[in-house]
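Hi everyone, thanks for coming. Please bring up the sequence and the structure, and we'll walk through them together.

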Amino acid sequence: MTRQTRRIVTGHDAGGKSVILSDGPPPQHHEMRGATIGAEFFEMWNASNAVPILTSVEAREPNEREFTIMPVSGHLLRILDIYPPRDGGKRTVMHRTKTLDYVVVIEGELVLLLDDSEVVLKAGDVVVQRGTNHAWENRSDRIARAAFFHIDAQFSKELLGKLPKPLELMR
């Protein structure tokens, strides 16, 4: 099993001095184990502004919202534990998101499946996911952990002309 996920959030005190605002597990943790996926989502930070506004202290916890797979706008940082088949892990459905994603494998192995190919990713590997149709699978015998940085994006007219119609997106 992977170690407990920890989130440290910094901010400023009344005098502008750097301080730690919180240190502990993230406030949103969603276990999704069933017929289609064996994974746990740890919401690390979510911002609805395209350009983050840095304040002394957040007006509210950014994760005080309903769980969504992708950000409606802005960006989202998530840690994802993907379970191996022996622990109920399944391949995710093929899906496309209107986001630019940076995926960093922290521990274990993941397989990125695309329409015409697949690649095995190991700890330290980075994927720049650019709105492509894809799925994730853990074929190993241990949990794989990855950090997903989802950033709201737009498809260009040129790309939209090449994508299947109607365009189905996961949100």
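Let me start with a definition: two strands pair if DSSP finds at least two bridges between them. Strands themselves are DSSP runs (E, at least two residues), numbered from the N terminus.

Two quick notes on where this comes from. This is a predicted model, where local features need pLDDT of at least 70, side-chain atom pairs count only at pLDDT 80 or more, and totals for chains, interfaces and linings use all residues. Residues are numbered from 1 along each chain as its sequence is written, and side-chain values use heavy atoms, with hydrogens and water left out.

Now to the strands. Strand β7, residues 109-114, pairs with β10 in the antiparallel sense over four bridges. Within that pairing, valine 111 has glutamate 137 of β10 as its bridge partner. Both strands belong to an open sheet of three strands, ordered β8-β7-β10, with antiparallel pairing. Why is one side of β8 and of β10 left without a neighbour in the sheet? Because β8 (118-122) and β10 stand at the edges, each with a single partner strand. On average, neighbouring strands of this sheet are turned by 25° against each other, direction ignored (axes are lines fitted to C-alpha atoms, and angles run from 0 to 180 degrees between N-to-C directions).

Next, please find β6, residues 99-107. Eight bridges join β6 to β11, and the two run antiparallel; here valine 105 is partnered with alanine 146. β6 also pairs with strand β9, residues 126-130, in the antiparallel sense over five bridges. There, valine 103 has valine 127 as its bridge partner.

Now for the side chains. The structure holds one aromatic pair (ring centres within 6.5 Å, using the six-membered ring for Trp; planes under 30 degrees apart count as stacked, over 60 as edge-to-face, the rest as tilted). Tryptophan 136 and phenylalanine 148 make up this edge-to-face pair, at 5.5 Å centre to centre with 85° between the planes. The pair links distant parts of the chain, with tryptophan 136 in β10 (134-137) and phenylalanine 148 in β11 (144-152), 12 residues apart.

Are these two residues buried or exposed? Tryptophan 136 and phenylalanine 148 are both buried (under 20% relative accessible area; exposed is over 50%, partly exposed in between, with a 1.4 Å probe and protein chains only). Valine 126, by contrast, is exposed, with a relative accessible area of 52%, and lies in strand β9.

That's our tour, and I'm happy to take questions.
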